[in-house]
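Subject: Structure for you to look through

Dear colleague,

Please find the structure below, followed by an account of what was found in it.

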Amino acid sequence: MINLIINEWQKVFSRKSNIIIMVFIVGIAALMSFMPLIFQNEQANETSTYSENWESDVSQEIDTLQEETEDLLNQDDTELTFNDSMTVSLNQTEIERLSYHLEAGIEPPASNNFYSSLVSASSMNALIGIFVTIIASAMVSKEFSMGTIKLLLIRTQSRTKILTSKYITTLLLAFFYYGLLYLSTAIFALFTTDMNPTSEYVFMTMNGTYEHVQFLSYFAGLVASNLVYLVIIASLAFMLSTLTRNTSLSLGATLGAIFLGTGVTQYLASQTDLAKYLITANWSLENYLPGRTTYIDGVSLPFSAIVNVVYVAVFLGLSYYAFNKQDVL
Amino acid sequence: MTTTIAIDKVGKTINRKEIIKDLSLTINEGEVLGLLGPNGAGKTTLIRMIVGLIDITEGQISVCGHDVENEHRDALGNIGAIVENPEMYPFFSGQKNLDYFARMHNGVSKEKIAELVDFVNLTDRINDKVKDYSLGMKQRLGIAQALMNDPKVLILDEPTNGLDPAGMQELRRHIRMLAKEKNVTVIVSSHLLSEIELMCDRIAIIKKGELIAVENVRDEAKQVYHFKVSEPEKAQVLLQEQFDIISQLLEDYLVVELPAELSDVSSLVKAFVNNGIAIYSVEPKNHSLEDRFLHLTAE
Ligand SMILES: Nc1ncnc2c1ncn2[C@@H]1O[C@H](COP(=O)(O)OP(=O)(O)OP(=O)(O)O)[C@@H](O)[C@H]1O
Ligand SMILES: [Mg+2]
C-alpha cells in the first residue's frame, strides 16, 4: 500500500498544476502577512506594544480616545463629516475592546499580532478547497483519459487497494496544502507581526460584546473544522471523478458546490426545513466556534458532524462500488 | 502439454450488443497464439476479459488453472500484458514509468529493470520523457513493462503497430525466444496476417465476435515453390524418384511442395542441374494461409 501511495504522490508532484498551486499558496500567505504592513497607519504603530505597566498605558489610551471622540462630538453646530463619524465609531469599538482587556486583566496584543494573522489565514481555506478540488477531480478520471488505468488494474493489486491509495493520497495532499498555508503564514508572521503577550485570545461575539478563550484550543478547533471541510470537498470531487470518469465535469460540479453552496442553502433554508440536511449546510464547522454563528436554524455541532460523516460515507461507498464494478473499456 | 489458458464458451454483451459469442479456445504452455481478425472483430474485448478489465457475461476463462473472475489475483499474477495501446505516463521518463510499475510488484530489482530495458533495446532513450517517444518506442516500453513480473502468460494487443521492419523482426525473435526458452505462453493480436504469421504457432481467426477457424501455422505455411524448367515432365519424374515429392504441372510451371525434412530448395535445384534440366526461375509461394484468411474474413 505504501508503494501505491508513493506512486500516486509522484504523479501528483510531476503535474504542473501542483507546482502552481504550491507557489500560489505561499504567495497568498505572503500577501496576507505583508498587506497590513503596507496599509498600516502610524497610530497603530505607536500603540503596537505596551510597557511593563500595560494597565496604565491602556487606561491612558482609552482616555485619549475618549477625549478625541468628545472633541469631535462637541464641534460647534456643524454636521459631522463622514471621516469624523467613522473615527467616532472606530474609537467606540476600540474603547470597548480595551476596556474588556482591562476588566479581564489580559494585556492587549498589538493591532497586527501573531494570533490574528493565524486566524485570518483560515479565511483562505475555501481557496485551499479549490486547489484540493483541482487535484481530487482528476485523481481517477485522468487515469481513464490517459488510458493508464489498464496498466494499474492488470496487476495483482485489487481495485479496492488502488482506489484506497488514491483516496489517501488525495487527503494527504489536502493536509499538505493546508499545512503549507499555515507553515508559510506562521513563518511570514514571525517577521511581520508582534507576538501576543498572553496565551489568551480575545474576540468580539456576534452581538458586539467581547470574550476570551485560550488561543491554542480556539486554533485547534479552527484547524479541525477547516480540515473537515477539506476532507468533504476532497471526497465529493473524488467521488465525481470516479463515477463520471470525467475530470472537467467533476471539477465544475465541485467548484459549483463550493461557490454556490452557501447561497443556495440559505435560499432553500428559507423555503424548507429539509435544507439543513444538505452537506453544504453542515460542512463549515467553524460556525460553531465561540463567537461565531450558523446561518440556518435547527443545526448543532453534533447534528452537523453526523450529517458530514453520513455524506462522506455515501460518497466513498458509491466510489468503491462503481470502481469495483464497472467495466474498464 | 499443459493448458495455460482455457477459454470456455465465453460471451460478452455490452449494451445489449453481443460482442463475443460462444468462444472456446485453449492455449498450451509455450505456445504462441495469434488472434487475427479485422477491425472491431472483438480481439481487444477478448483480451480485456482475460486480464479481468471487464466482466465475462457468459462462460469462464482460466489462466494457469485460476479462474480470472473468482481467483482474480492468482490469475493476474501470471499475466503480463499490453491492452489496446501501450499507454504510459507521458510526463514520466521511460525509466520512471518502469520504476513506477516495479513498485506495484514484489521484488523487481534495479538490475532486472536494466536488463529489460536492454532486452527491448531502449537503453539510449530510457531517461527521456515518454511523451517524446515514437509509437514504436512506446511499444518497446510496453513490452518491458509486461515482462516485469516474469509472467507465464504474455498478452500483446497489436504489438506490431508502429514497429519498423527491424523492430518487427526483433519482436518476432523475442517472442520465439520467450516461448521456446522460457516456456512463456504468448497471445498476440493483429489484423494483418503477414505481421504475426512468422511468430505464431497457431492462429485463431475471429470475425464479428466468433471464432471461425484455428489454423496451425507450421502445417499451413508449408513451403511451396513454383519452378519454371526446360523439361517439366522429366523434372516431375525426377522429383518423385529422388525425393518422393508429388508435384503438379500447372500451365508451364511445376508446383512443388517442400517436405518437412528439406530445409530449402537447394538440393532440388542441384538435382535438376545434375540431370541436365535448365532452370529459368524458382519462386517461393507462401500465401496459402493468407488466401485462407482473406477468404474466411470476407463478407
Ligand atoms: N465501450 C464500448 N461500448 C460498446 N461497444 C463497444 C465498446 N468498445 C468496443 N465495442 C464494440 O466491440 C466490438 C469489438 O471491439 P474490439 O475493440 O474488441 O475490436 P478489435 O478486434 O480489438 O478491433 P481493432 O482491430 O480495431 O483493435 C466492436 O464492434 C466495437 O464496436
Ligand atoms: Mg483492438
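Leaving aside residues up to four places away in sequence, A:Ser250 touches A:Ser137, A:Ala237, A:Leu240, A:Ser241 and A:Thr244, where contact means heavy atoms within 4.5 Å. A:Ser250 belongs to helix H12 (residues 247-271) of chain A; helices here are DSSP runs of H or I with at least four residues, and strands are runs of E with at least two, both numbered from the N terminus. With a relative accessibility of 1%, A:Ser250 counts as buried, a word that stands for under 20% relative accessible area, while exposed stands for over 50% and partly exposed for what lies in between (1.4 Å probe, protein chains only). The side chain of A:Ser250 also reaches the backbone nitrogen of A:Ser241, at 3.2 Å.

Before going further, please keep in mind that this is a predicted model, in which local features need pLDDT of at least 70 and side-chain atom pairs count only at pLDDT 80 or more, whereas totals for chains, interfaces and linings use all residues. Residues are numbered from 1 along each chain as its sequence is written, chains are lettered from A and ligands numbered from 1 in the order in which they are written, and side-chain values use heavy atoms, with hydrogens and water left out.

Chain A as a whole has 13 helices and 2 strands, and its C-alpha atoms fill a box of roughly 85 × 45 × 35 Å along the principal axes. Of its 329 residues, 47% are buried.

Next come the salt bridges, each being a side-chain nitrogen of Lys or Arg within 4 Å of a carboxyl oxygen of Asp or Glu. The count over all chains comes to 13. One of them joins the side chains of A:Lys11 and A:Glu143, at 2.4 Å from N to O; because A:Lys11 lies in helix H1 of chain A and A:Glu143 in helix H8 of chain A, the pair ties together parts that are 132 residues apart in sequence. Both of these residues are buried. A:Glu143 also forms a salt bridge with A:Lys166, the closest N and O atoms being 3.0 Å apart, and this pair links helix H8 with helix H10 of chain A, across 23 residues. A:Lys166 is itself buried, at 1% relative accessibility.

In chain B, the side chains of B:Asp150 and B:Lys112 meet in a salt bridge at 2.7 Å from N to O, which links the loop between H5 and S7 with helix H4 of chain B, 38 residues apart.

How do the two chains meet? In terms of contacts, 28 residues of chain A touch 29 residues of chain B. Together the chains bury about 2700 Å², 57% of it on carbon and sulfur atoms; buried area is the accessible area (1.4 Å probe) that two parts lose on being put together, summed over both. There are 2 salt bridges across this interface, and A:Lys150 and B:Glu87 meet in a salt bridge at 2.9 Å from N to O.

A:Lys150 is also among the contacts of B:Arg48, together with A:Val328, A:Leu329, B:Leu53, B:Ile54, B:Val83 and B:Glu84, once neighbours within four places in sequence are left aside. B:Arg48 sits in helix H1 (residues 43-50) of chain B and counts as buried, at 5% relative accessibility. Its side chain makes a polar contact with the side chain of B:Glu84 at 2.7 Å, and a polar atom of that B:Arg48 side chain lies 3.1 Å from the backbone oxygen of A:Val328. A polar contact is a pair of N or O atoms within 3.5 Å; within protein, one must be able to donate a hydrogen and the other to accept it, and residues adjacent in sequence count only if both atoms are side-chain atoms.

Finally, 10 of the 12 residues of H5(B) are buried, so this helix is largely enclosed by the rest of the structure.

Best wishes
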